[in-house]
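Hello,

Here is the structure I promised to pass on to you. Please open it next to this email and follow along as you read.

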Amino acid sequence: MFPEKLKSATIYSDFQGKLGTDAAGFLAALDTIMASDNELSRLITYASMRSDEDTRAGKPREMEQTAKDLAVKFTSTTSFMRPEILALGEAKVMGFVKEEEKLLPYKPWLEDILRYIPHTLSVAEEKIAAQALMMADASENAYSIFTNADLPYPEVTLSDGTKVRIDAPAYGNYRASPNREDRIKVFQAFWTEYKKFERTLGTTLYGQIKAHIFNKEIRKYNSCLESALFDSNVPQTVYKQLIADVHANMPTLYRYLKLRKRMMGLEKLGYEDLYAPIVKEVDLKYTPEESIKLVMESCAPLGKDYLTDLQMSFDKRWVDFLPTTGKKSGAYSTGVYGVHPYQLQNFTGQYDEVSTVAHESGHSMHTYLSDKNQPYVTHDYKIFVAEVASTLNENFLLDYMLKNTKSNFLPDLQNIQLIY
Ligand SMILES: [Zn+2]
(Lines give C-alpha, C1' and ligand atoms only; values in the text may rest on other atoms or scores of the structure.)
Protein backbone atom coordinates (compact mmCIF):
# COMPACT_ATOMS: atom_id res chain seq x y z
CA MET A 1 0.00 0.00 0.00
CA PHE A 2 2.83 2.41 0.86
CA PRO A 3 5.83 3.00 -1.37
CA GLU A 4 8.41 0.29 -1.07
CA LYS A 5 11.09 2.81 -0.05
CA LEU A 6 9.29 3.64 3.19
CA LYS A 7 11.03 1.36 5.63
CA SER A 8 9.55 -0.10 8.75
CA ALA A 9 10.26 1.56 12.09
CA THR A 10 12.66 -1.19 13.17
CA ILE A 11 14.99 -0.38 10.29
CA TYR A 12 15.33 3.22 11.49
CA SER A 13 15.85 2.16 15.10
CA ASP A 14 18.65 -0.16 13.91
CA PHE A 15 20.69 3.00 13.38
CA GLN A 16 19.97 4.37 16.83
CA GLY A 17 23.05 4.72 19.01
CA LYS A 18 25.29 3.68 16.11
CA LEU A 19 25.55 6.86 14.03
CA GLY A 20 29.08 7.45 15.32
CA THR A 21 30.41 3.97 14.46
CA ASP A 22 31.90 4.75 11.05
CA ALA A 23 31.42 6.90 7.95
CA ALA A 24 29.83 4.11 5.91
CA GLY A 25 27.20 3.42 8.59
CA PHE A 26 26.57 7.14 9.01
CA LEU A 27 25.95 7.47 5.25
CA ALA A 28 23.67 4.42 5.19
CA ALA A 29 21.57 5.88 8.00
CA LEU A 30 21.25 9.32 6.39
CA ASP A 31 20.48 7.85 2.94
CA THR A 32 17.77 5.57 4.32
CA ILE A 33 16.13 8.23 6.47
CA MET A 34 16.25 10.91 3.75
CA ALA A 35 14.83 8.55 1.10
CA SER A 36 11.91 7.80 3.40
CA ASP A 37 11.46 11.49 4.19
CA ASN A 38 11.22 12.16 0.45
CA GLU A 39 8.69 9.37 -0.13
CA LEU A 40 6.66 10.47 2.84
CA SER A 41 6.45 14.08 1.69
CA ARG A 42 5.29 12.84 -1.75
CA LEU A 43 2.55 10.81 -0.07
CA ILE A 44 1.39 13.71 2.08
CA THR A 45 1.45 16.23 -0.76
CA TYR A 46 -0.44 13.89 -3.10
CA ALA A 47 -3.12 13.16 -0.49
CA SER A 48 -3.51 16.79 0.58
CA MET A 49 -3.74 18.08 -2.99
CA ARG A 50 -6.35 15.43 -3.83
CA SER A 51 -8.24 16.61 -0.76
CA ASP A 52 -7.91 20.27 -1.84
CA GLU A 53 -9.50 19.44 -5.22
CA ASP A 54 -12.72 18.72 -3.38
CA THR A 55 -12.69 19.30 0.37
CA ARG A 56 -16.09 17.58 0.67
CA ALA A 57 -14.78 14.20 -0.48
CA GLY A 58 -14.11 11.75 2.32
CA LYS A 59 -11.61 9.39 0.68
CA PRO A 60 -8.80 11.92 0.02
CA ARG A 61 -9.23 13.31 3.55
CA GLU A 62 -8.82 9.83 4.92
CA MET A 63 -5.71 9.36 2.76
CA GLU A 64 -4.31 12.63 4.04
CA GLN A 65 -4.93 11.64 7.66
CA THR A 66 -3.29 8.23 7.13
CA ALA A 67 -0.24 9.88 5.55
CA LYS A 68 -0.02 12.39 8.41
CA ASP A 69 -0.26 9.63 11.03
CA LEU A 70 2.56 7.88 9.23
CA ALA A 71 4.60 11.11 9.31
CA VAL A 72 4.12 11.38 13.08
CA LYS A 73 5.38 7.81 13.51
CA PHE A 74 8.31 8.50 11.19
CA THR A 75 9.25 11.67 13.10
CA SER A 76 9.13 9.92 16.45
CA THR A 77 11.11 6.84 15.35
CA THR A 78 13.81 8.99 13.75
CA SER A 79 13.87 11.65 16.49
CA PHE A 80 17.12 10.17 17.86
CA MET A 81 19.01 11.39 14.79
CA ARG A 82 19.38 15.10 15.55
CA PRO A 83 20.48 14.82 19.19
CA GLU A 84 22.83 12.00 18.23
CA ILE A 85 24.49 14.09 15.49
CA LEU A 86 24.81 16.98 17.95
CA ALA A 87 26.37 14.67 20.53
CA LEU A 88 28.93 13.37 17.99
CA GLY A 89 30.19 16.93 17.65
CA GLU A 90 31.66 18.85 14.74
CA ALA A 91 35.10 17.17 14.57
CA LYS A 92 33.69 13.67 14.29
CA VAL A 93 30.87 14.53 11.87
CA MET A 94 33.12 16.55 9.57
CA GLY A 95 35.72 13.79 9.80
CA PHE A 96 33.14 11.41 8.32
CA VAL A 97 32.38 13.88 5.54
CA LYS A 98 36.11 14.06 4.69
CA GLU A 99 36.40 10.29 4.70
CA GLU A 100 33.31 9.46 2.64
CA GLU A 101 32.72 11.73 -0.32
CA LYS A 102 29.11 10.57 -0.73
CA LEU A 103 28.43 12.47 2.49
CA LEU A 104 29.41 15.75 0.81
CA PRO A 105 25.83 16.64 -0.30
CA TYR A 106 24.81 16.34 3.38
CA LYS A 107 27.46 18.85 4.51
CA PRO A 108 25.30 22.03 4.54
CA TRP A 109 22.50 20.12 6.27
CA LEU A 110 24.90 18.73 8.90
CA GLU A 111 26.44 22.16 9.43
CA ASP A 112 22.97 23.54 10.01
CA ILE A 113 22.34 20.96 12.75
CA LEU A 114 25.77 21.53 14.32
CA ARG A 115 25.08 25.30 14.58
CA TYR A 116 22.81 24.37 17.49
CA ILE A 117 25.63 22.95 19.67
CA PRO A 118 26.03 26.14 21.78
CA HIS A 119 22.24 26.19 22.35
CA THR A 120 21.82 22.50 23.13
CA LEU A 121 21.40 21.30 26.73
CA SER A 122 22.25 18.06 28.48
CA VAL A 123 19.94 15.08 27.85
CA ALA A 124 18.14 15.56 31.19
CA GLU A 125 17.78 19.33 30.64
CA GLU A 126 16.44 18.80 27.13
CA LYS A 127 13.71 16.56 28.56
CA ILE A 128 12.65 19.26 31.03
CA ALA A 129 12.84 21.93 28.32
CA ALA A 130 10.59 19.89 26.00
CA GLN A 131 7.99 19.51 28.74
CA ALA A 132 8.21 23.17 29.71
CA LEU A 133 7.66 24.15 26.08
CA MET A 134 4.38 22.24 26.05
CA MET A 135 3.22 24.50 28.89
CA ALA A 136 4.60 27.53 27.07
CA ASP A 137 1.99 27.01 24.33
CA ALA A 138 -0.86 27.60 26.78
CA SER A 139 -1.04 31.39 26.28
CA GLU A 140 -1.02 31.16 22.53
CA ASN A 141 -3.65 28.42 22.58
CA ALA A 142 -5.86 30.43 24.92
CA TYR A 143 -5.54 33.46 22.63
CA SER A 144 -6.37 31.39 19.58
CA ILE A 145 -9.42 29.67 21.12
CA PHE A 146 -10.66 32.95 22.55
CA THR A 147 -10.37 35.01 19.34
CA ASN A 148 -11.52 32.20 17.02
CA ALA A 149 -14.36 30.72 19.01
CA ASP A 150 -15.37 32.44 22.25
CA LEU A 151 -15.06 36.19 21.64
CA PRO A 152 -18.63 37.48 21.26
CA TYR A 153 -18.25 39.18 17.89
CA PRO A 154 -20.82 41.92 17.41
CA GLU A 155 -23.51 42.09 14.73
CA VAL A 156 -23.99 45.24 12.66
CA THR A 157 -26.62 46.32 10.16
CA LEU A 158 -25.08 47.68 6.96
CA SER A 159 -26.54 50.53 4.91
CA ASP A 160 -28.32 48.10 2.55
CA GLY A 161 -30.06 46.43 5.50
CA THR A 162 -27.91 43.26 5.65
CA LYS A 163 -26.97 42.07 9.10
CA VAL A 164 -23.43 40.73 9.49
CA ARG A 165 -21.54 39.25 12.39
CA ILE A 166 -18.20 41.01 12.43
CA ASP A 167 -15.74 38.20 13.19
CA ALA A 168 -12.19 38.27 11.81
CA PRO A 169 -12.96 37.15 8.22
CA ALA A 170 -16.01 39.46 8.03
CA TYR A 171 -13.93 42.33 9.40
CA GLY A 172 -11.32 41.69 6.70
CA ASN A 173 -14.06 41.72 4.10
CA TYR A 174 -16.26 44.64 5.18
CA ARG A 175 -13.48 47.03 6.20
CA ALA A 176 -12.88 47.35 2.44
CA SER A 177 -16.47 48.43 1.76
CA PRO A 178 -16.76 51.39 -0.63
CA ASN A 179 -19.39 52.86 1.72
CA ARG A 180 -17.63 54.94 4.36
CA GLU A 181 -20.43 54.79 6.96
CA ASP A 182 -20.41 51.00 6.76
CA ARG A 183 -16.65 50.94 7.18
CA ILE A 184 -16.79 53.18 10.25
CA LYS A 185 -19.53 51.02 11.74
CA VAL A 186 -17.55 47.82 11.11
CA PHE A 187 -14.33 49.27 12.57
CA GLN A 188 -16.03 50.57 15.67
CA ALA A 189 -17.96 47.38 16.33
CA PHE A 190 -14.94 45.14 15.88
CA TRP A 191 -12.38 47.11 17.87
CA THR A 192 -14.80 48.09 20.66
CA GLU A 193 -15.32 44.38 21.28
CA TYR A 194 -11.58 43.73 21.37
CA LYS A 195 -11.09 46.68 23.73
CA LYS A 196 -13.48 45.11 26.23
CA PHE A 197 -11.09 42.18 26.62
CA GLU A 198 -7.80 44.05 26.63
CA ARG A 199 -6.78 42.75 30.07
CA THR A 200 -7.36 39.15 29.04
CA LEU A 201 -5.65 39.61 25.67
CA GLY A 202 -2.78 41.50 27.35
CA THR A 203 -2.29 38.59 29.74
CA THR A 204 -2.06 36.07 26.90
CA LEU A 205 0.51 38.31 25.19
CA TYR A 206 2.49 38.55 28.45
CA GLY A 207 2.47 34.73 28.68
CA GLN A 208 3.82 34.49 25.16
CA ILE A 209 6.61 36.98 25.89
CA LYS A 210 7.56 35.04 29.02
CA ALA A 211 7.80 31.85 26.91
CA HIS A 212 10.16 33.65 24.50
CA ILE A 213 12.32 34.88 27.38
CA PHE A 214 12.38 31.39 28.92
CA ASN A 215 13.62 29.89 25.65
CA LYS A 216 16.23 32.63 25.26
CA GLU A 217 17.52 32.14 28.82
CA ILE A 218 17.75 28.35 28.92
CA ARG A 219 19.21 28.04 25.41
CA LYS A 220 21.77 30.77 26.05
CA TYR A 221 20.83 33.24 23.36
CA ASN A 222 21.85 36.87 23.84
CA SER A 223 18.39 38.14 22.96
CA CYS A 224 14.92 36.98 21.96
CA LEU A 225 15.64 38.37 18.50
CA GLU A 226 18.73 36.17 18.13
CA SER A 227 16.68 33.20 19.29
CA ALA A 228 13.82 33.94 16.86
CA LEU A 229 16.14 34.36 13.86
CA PHE A 230 18.43 31.43 14.66
CA ASP A 231 16.43 28.74 12.87
CA SER A 232 16.33 30.73 9.62
CA ASN A 233 20.01 31.59 10.08
CA VAL A 234 19.26 35.22 9.28
CA PRO A 235 21.84 37.64 10.76
CA GLN A 236 20.37 40.23 13.11
CA THR A 237 21.98 42.95 10.98
CA VAL A 238 19.81 41.87 8.02
CA TYR A 239 16.66 42.08 10.15
CA LYS A 240 17.63 45.48 11.56
CA GLN A 241 18.56 46.77 8.12
CA LEU A 242 15.14 45.76 6.76
CA ILE A 243 13.43 47.76 9.50
CA ALA A 244 15.76 50.71 8.96
CA ASP A 245 14.97 50.63 5.21
CA VAL A 246 11.23 50.65 5.90
CA HIS A 247 11.66 53.67 8.20
CA ALA A 248 13.84 55.44 5.65
CA ASN A 249 11.10 55.01 3.05
CA MET A 250 8.19 56.17 5.20
CA PRO A 251 7.91 59.43 3.20
CA THR A 252 6.76 57.31 0.22
CA LEU A 253 4.00 55.82 2.37
CA TYR A 254 2.97 59.30 3.59
CA ARG A 255 2.88 60.41 -0.04
CA TYR A 256 0.65 57.47 -0.90
CA LEU A 257 -1.68 58.24 2.02
CA LYS A 258 -1.98 61.87 0.87
CA LEU A 259 -2.76 60.66 -2.64
CA ARG A 260 -5.34 58.21 -1.26
CA LYS A 261 -7.00 60.94 0.81
CA ARG A 262 -7.20 63.26 -2.18
CA MET A 263 -8.46 60.61 -4.63
CA MET A 264 -11.10 59.45 -2.17
CA GLY A 265 -12.15 63.07 -1.66
CA LEU A 266 -11.80 62.94 2.14
CA GLU A 267 -11.08 65.79 4.54
CA LYS A 268 -9.39 63.50 6.96
CA LEU A 269 -8.11 60.02 6.18
CA GLY A 270 -8.81 57.55 8.98
CA TYR A 271 -7.69 53.98 9.67
CA GLU A 272 -11.09 52.89 8.37
CA ASP A 273 -10.25 54.32 4.93
CA LEU A 274 -7.06 52.37 4.30
CA TYR A 275 -8.59 49.23 2.82
CA ALA A 276 -11.37 50.75 0.71
CA PRO A 277 -10.97 50.95 -3.07
CA ILE A 278 -9.10 54.12 -3.98
CA VAL A 279 -10.83 54.50 -7.34
CA LYS A 280 -14.57 54.04 -7.64
CA GLU A 281 -16.23 51.88 -10.22
CA VAL A 282 -13.26 50.27 -11.88
CA ASP A 283 -14.11 46.76 -12.89
CA LEU A 284 -11.12 45.36 -14.72
CA LYS A 285 -11.46 41.69 -15.56
CA TYR A 286 -8.87 39.24 -16.81
CA THR A 287 -8.96 35.71 -18.20
CA PRO A 288 -6.40 33.10 -17.04
CA GLU A 289 -4.75 33.40 -20.49
CA GLU A 290 -4.45 37.18 -20.06
CA SER A 291 -3.00 36.73 -16.60
CA ILE A 292 -0.37 34.34 -18.03
CA LYS A 293 0.50 36.87 -20.72
CA LEU A 294 0.83 39.71 -18.19
CA VAL A 295 2.96 37.62 -15.80
CA MET A 296 5.21 36.47 -18.67
CA GLU A 297 5.67 39.99 -20.01
CA SER A 298 6.27 41.53 -16.59
CA CYS A 299 8.89 38.90 -15.67
CA ALA A 300 11.00 39.73 -18.76
CA PRO A 301 13.80 41.29 -16.62
CA LEU A 302 14.49 37.81 -15.18
CA GLY A 303 15.84 36.62 -18.54
CA LYS A 304 15.19 34.06 -21.25
CA ASP A 305 15.88 30.90 -19.23
CA TYR A 306 13.49 31.95 -16.49
CA LEU A 307 10.77 32.80 -19.01
CA THR A 308 11.18 29.45 -20.80
CA ASP A 309 10.69 27.59 -17.50
CA LEU A 310 7.80 29.83 -16.49
CA GLN A 311 6.05 29.30 -19.83
CA MET A 312 6.54 25.55 -19.41
CA SER A 313 4.83 25.71 -15.98
CA PHE A 314 1.72 27.10 -17.68
CA ASP A 315 1.91 24.92 -20.82
CA LYS A 316 2.29 21.74 -18.78
CA ARG A 317 -0.66 22.78 -16.63
CA TRP A 318 1.11 22.89 -13.27
CA VAL A 319 -1.45 25.55 -12.36
CA ASP A 320 -5.06 24.74 -11.47
CA PHE A 321 -6.67 28.09 -12.22
CA LEU A 322 -10.44 28.01 -11.88
CA PRO A 323 -12.61 27.65 -8.78
CA THR A 324 -14.84 24.58 -8.62
CA THR A 325 -17.38 23.46 -6.05
CA GLY A 326 -15.67 22.14 -2.95
CA LYS A 327 -12.19 23.26 -4.02
CA LYS A 328 -9.98 24.66 -1.27
CA SER A 329 -10.14 28.46 -1.13
CA GLY A 330 -7.13 30.77 -1.53
CA ALA A 331 -3.98 30.03 -3.49
CA TYR A 332 -0.68 28.24 -2.95
CA SER A 333 2.31 26.72 -4.65
CA THR A 334 3.71 23.46 -3.41
CA GLY A 335 6.68 21.46 -4.61
CA VAL A 336 7.06 17.73 -5.06
CA TYR A 337 10.74 16.82 -5.22
CA GLY A 338 11.51 14.80 -8.33
CA VAL A 339 8.20 15.77 -9.99
CA HIS A 340 7.48 19.51 -10.30
CA PRO A 341 5.72 22.29 -8.37
CA TYR A 342 1.92 22.48 -8.38
CA GLN A 343 -0.20 25.60 -7.99
CA LEU A 344 -3.72 25.99 -6.71
CA GLN A 345 -5.55 29.17 -7.68
CA ASN A 346 -9.14 30.34 -7.46
CA PHE A 347 -9.05 32.67 -10.41
CA THR A 348 -12.21 34.72 -10.99
CA GLY A 349 -10.64 37.50 -13.05
CA GLN A 350 -9.74 40.19 -10.48
CA TYR A 351 -6.48 42.09 -10.76
CA ASP A 352 -5.49 40.85 -7.27
CA GLU A 353 -5.68 37.33 -8.62
CA VAL A 354 -3.40 38.17 -11.56
CA SER A 355 -1.00 39.40 -8.89
CA THR A 356 -1.47 36.12 -7.02
CA VAL A 357 -0.56 34.20 -10.19
CA ALA A 358 2.66 36.29 -10.34
CA HIS A 359 3.29 35.64 -6.63
CA GLU A 360 2.71 31.89 -6.67
CA SER A 361 4.63 31.52 -9.94
CA GLY A 362 7.60 33.11 -8.15
CA HIS A 363 7.37 30.35 -5.53
CA SER A 364 6.93 27.67 -8.21
CA MET A 365 10.00 28.80 -10.17
CA HIS A 366 12.04 29.02 -6.95
CA THR A 367 11.00 25.46 -6.08
CA TYR A 368 11.57 24.23 -9.63
CA LEU A 369 15.09 25.69 -9.85
CA SER A 370 16.00 24.57 -6.33
CA ASP A 371 14.78 21.00 -6.95
CA LYS A 372 16.58 20.89 -10.28
CA ASN A 373 19.92 21.98 -8.83
CA GLN A 374 19.97 20.63 -5.28
CA PRO A 375 19.95 17.13 -3.80
CA TYR A 376 16.89 16.30 -1.70
CA VAL A 377 18.60 17.07 1.58
CA THR A 378 19.17 20.75 0.69
CA HIS A 379 16.35 21.41 -1.79
CA ASP A 380 14.06 23.07 0.74
CA TYR A 381 14.24 26.76 1.67
CA LYS A 382 13.24 29.01 4.54
CA ILE A 383 10.25 31.35 4.35
CA PHE A 384 12.58 34.34 4.66
CA VAL A 385 14.03 33.69 1.20
CA ALA A 386 10.84 32.16 -0.22
CA GLU A 387 8.92 35.41 -0.14
CA VAL A 388 11.69 37.22 -2.03
CA ALA A 389 11.00 35.12 -5.14
CA SER A 390 7.25 35.69 -4.93
CA THR A 391 7.03 39.38 -4.01
CA LEU A 392 9.69 40.28 -6.56
CA ASN A 393 7.36 38.95 -9.29
CA GLU A 394 4.45 40.90 -7.81
CA ASN A 395 6.57 44.04 -8.00
CA PHE A 396 7.54 43.31 -11.60
CA LEU A 397 3.84 42.98 -12.43
CA LEU A 398 2.92 46.21 -10.66
CA ASP A 399 5.75 48.04 -12.38
CA TYR A 400 4.63 46.64 -15.75
CA MET A 401 0.98 47.60 -15.14
CA LEU A 402 1.87 51.15 -14.13
CA LYS A 403 3.89 51.55 -17.31
CA ASN A 404 1.40 49.92 -19.67
CA THR A 405 -2.15 50.47 -18.40
CA LYS A 406 -4.16 52.90 -20.47
CA SER A 407 -7.61 53.43 -19.09
CA ASN A 408 -10.35 55.98 -18.97
CA PHE A 409 -10.87 55.27 -15.30
CA LEU A 410 -7.32 55.37 -14.02
CA PRO A 411 -5.62 58.73 -13.77
CA ASP A 412 -2.12 58.84 -15.19
CA LEU A 413 -0.32 58.05 -11.95
CA GLN A 414 3.05 59.22 -13.27
CA ASN A 415 1.79 62.76 -13.71
CA ILE A 416 -0.27 63.31 -10.60
CA GLN A 417 0.67 66.50 -8.83
CA LEU A 418 1.00 65.96 -5.15
CA ILE A 419 0.00 68.59 -2.64
CA TYR A 420 2.06 68.30 0.52
ZN1 LIG B 1 4.11 33.60 -0.70
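Below is a short tour of what turned up in it.

Before you start, keep in mind that this is a predicted model.

**The two domains**

The domain assignment gives domain 1 (9-120) and domain 2 (288-411). Their C-alpha centres lie 30 Å apart, and the contact takes 16 residues from domain 1 and 17 residues from domain 2. Between them the two domains bury about 1300 Å², with 61% of it on carbon and sulfur atoms. On the domain 1 side, Arg42, Met49 and Asp52 lose the most area to domain 2, together 36% of what that side buries. How many salt bridges run between domain 1 and domain 2? The count is zero.

**Salt bridges elsewhere**

For the model, the salt bridge count comes to 17.

Next, look at Arg180, in helix H10 (residues 180-196). Its side chain meets that of Asp273 in a salt bridge (2.7 Å, N to O). Asp273 lies in the loop between H14 and H15, so this pair ties together parts that are 93 residues apart in sequence. Is Asp273 buried or exposed? With a relative accessible area of 0%, Asp273 is buried. Arg180 itself counts as partly exposed, at 29% relative accessibility.

The side chain of Glu272 also meets that of Arg180 in a salt bridge (3.7 Å, N to O). Glu272 is buried, with a relative accessible area of 18%. Salt bridges that share partners join Arg180, Arg183, Glu272 and Asp273 into one network.

Val238, Tyr239, Leu242, Ile243, Phe384 and Val385 make a nonpolar surface patch of about 460 Å². Helix H13 (236-248) and helix H18 (383-404) are the elements that give two or more residues to this patch. H13 gives the most, with four residues.

**One proline to find**

Finally, look for Pro154 in the loop between helix H8 (138-150) and strand S1 (155-157). Pro154 counts as buried because its relative accessibility is 15%, under the 20% cut-off. Leaving aside residues up to four places away in sequence, Pro154 touches Val164, Arg165, Ile166, Ala189, Phe190 and Glu193.

Enjoy exploring!

Notes. Residues are numbered from 1 along each chain as its sequence is written. This is a predicted model: local features need pLDDT of at least 70, side-chain atom pairs count only at pLDDT 80 or more; totals for chains, interfaces and linings use all residues. Side-chain values use heavy atoms; hydrogens and water are left out. Patches are made of residues with over 30% relative accessible area and no salt bridge: like charges are joined within 9 Å, nonpolar side chains (Val, Leu, Ile, Met, Phe, Trp, Tyr) within 5 Å. Accessible areas come from the Shrake-Rupley method with a 1.4 Å probe; for residues, only the protein chains shown count as cover. A salt bridge is a side-chain nitrogen of Lys or Arg within 4 Å of a carboxyl oxygen of Asp or Glu. Buried means under 20% relative accessible area, exposed over 50%, partly exposed in between (1.4 Å probe, protein chains only). Contact means heavy atoms within 4.5 Å. Domain bounds come from an automatic or database domain assignment. Buried area is the accessible area (1.4 Å probe) that two parts lose on being put together, summed over both.
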